[in-house]
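Take a moment to look over the sequence and the model below. We will walk through them together, one region after another.

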Amino acid sequence: MKNKLEKLRADFLQELGQVKNSEYLRELELKYLSRKGELSLIMGELKDLSVDLRREVGELANKIKVELQTRFEEVSRQLAEGSIKKELIDVTLPGETLADGHLSPITLVQNELEDLFNSLGFMILDGPELESDYYNFTALNMPPTHPARDMQDTFYLDHKNKEGQYDLVMRTQTSPVQIRSMQKYGAPLKAIIPGRCFRCEATDARHEHTFYQVEGIMIDKNINFSHLKSLLEIVGQRLFGAGTKLRMRPKFFPFVEPGNNGEYTCFLCQGKGCRVCKYTGWLEIVGAGLIHPDVLRAGGIDPEVYSGLAFGFGLNRLAMLKYNISDVRLFNSGDLKFLEQF
Ligand code: DAH
């Protein structure tokens, strides 16, 4: 108990030394010296001691009580006289500024596309990043031995189906969600699907193992090439300005027929030719085409009744063009010097 008293004394004096205002002083009084304070509590325990001890400890307790009260009154007087420097709050000091968070350039471009397609009546859908081999390839007209699979080398999971084949893959494209959404919603259907994709790339300034795409599909009776062309024209003008022109050149994608590369007039040189468009005047931006009948069938839609268009934008590429970003690897770098610019 003596130890307890000594500790209480030391704690009180130490805290008293830090008093800068009367609120704090009042708190100390309540905590240590009031009727329910710590000193009273200890003194209440005296009655449990033997007579001799009680006298000895009681004397010490009283001594400490007097000392603490005297010190308390001293400090209280000094505070009132102003000889203790009161805590000053300068309300004119500027506050602490918190760093603003901000959206990544990929998200900015994605939001822009989502706004546009929303206004055209498209749903915005999502799909799994870990995809089955079937949805990612087979259902899109790329059966296991198809050479087109080579264009999209990727990461398989160490998991086999009953036939002993690897059946789970980090999706290489957002196209598998075409099939998933056809199966879920049927026709007619208008949707875009933004999302993250993965490929086993030898990375460089233009290739990255993790990147983003926005897929789009529109399925109805009598959808034809002119719908595709006008839709892509609208997107180009929204992204790169009113004068932007579109040209479509044949390109093979297994899930569309005919398949195309959509190219826009270079927004930097207005089609005259510059470094960004490699002096062609055109920027390759989007893969697109009319959905292959087999793909519609895989999605449970009858190609004799319905037809559809599909397209896929590379979001990283769009953001790179729009914000003049020279290296695709910056997106995943976590480098604040890069990210803070947006
Ligand atoms: N999925 C293709 C790719 O990653 C892009 C693409 C091309 C999507 C044509 C489409 C399309 O929907 O019709 O290379």
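Where is the place of Pro-258? Pro-258 sits in strand E7, residues 256-265. Helices (H or I, at least four residues) and strands (E, at least two) are DSSP runs, numbered from the N terminus. Pro-258 is joined to Glu-257 by a cis peptide bond, with omega about -5°. You can find another cis bond going from Ala-187 to Pro-188, where omega is near -5°. Pro-188 belongs to the loop between helix H7 (176-185) and E4.

Before we go further, here is how to read the model. It is a predicted model, so local features need pLDDT of at least 70 and side-chain atom pairs count only at pLDDT 80 or more, while totals for chains, interfaces and linings use all residues. Residues are numbered from 1 along each chain as its sequence is written, and side-chain values use heavy atoms, with hydrogens and water left out.

Now let your eye follow the sheet. Seven strands make up an open sheet in the order E1-E4-E5-E9-E8-E7-E6, and the pairing is mixed. Two strands pair if DSSP finds at least two bridges between them. At the edges are E1 and strand E6 (246-250), each of which pairs on one side only.

Let us stop at strand E4, which spans residues 189-198. How many of its ten residues are buried? Eight of the ten are, and E4 is mostly covered. Here, buried means under 20% relative accessible area, exposed means over 50%, and partly exposed is in between (1.4 Å probe, protein chains only). Strand E1 (residues 123-124) pairs with E4 in the parallel sense over two bridges, and Met-123 stands opposite Ala-191 in E4. E4 and E5 run antiparallel and are joined by ten bridges. To trace this pairing, find Ile-192, which stands opposite Gly-216 in E5, and then Phe-198, which stands opposite Thr-210 in E5.

An oxygen atom of the ligand is 3.2 Å from an N or O atom in the side chain of Gln-178. On the backbone side, a polar atom of Ala-310 is 3.2 Å from an oxygen atom of the ligand. On its own, the ligand has 360 Å² of accessible area, and the protein covers 92% of this. Such areas come from the Shrake-Rupley method with a 1.4 Å probe; for residues, only the protein chains shown count as cover.

Aromatic rings are our next stop. A pair of aromatic rings is described by the distance of the centres and the angle of the planes. Rings of Phe, Tyr and Trp (its six-membered ring) pair if their centres lie within 6.5 Å; planes under 30 degrees apart count as stacked, over 60 as edge-to-face and the rest as tilted. The structure holds eleven aromatic pairs. In one of them, Phe-117 and Phe-122 have ring centres 5.0 Å apart and planes at 70°, so this pair is edge-to-face. Phe-117 and Phe-122 are both buried, and together with Phe-311 and Phe-313 they form one aromatic cluster.

Another pair is made by Phe-338 and Phe-342, which is edge-to-face because the planes are at 70°, with the centres 5.3 Å apart.

Finally, visit the loop between E7 and E8, where you will find Gln-270 and Lys-278. Gln-270 is not a glycine, yet it has a positive phi of about 55°. Lys-278 is not a glycine either, and its phi is positive at about 50°. Gln-270 is exposed because its relative accessible area is 58%, and Lys-278 is exposed too, with 57%.

Methods
A polar contact is a pair of N or O atoms within 3.5 Å; within protein, one must be able to donate a hydrogen and the other to accept it, and residues adjacent in sequence count only if both atoms are side-chain atoms.
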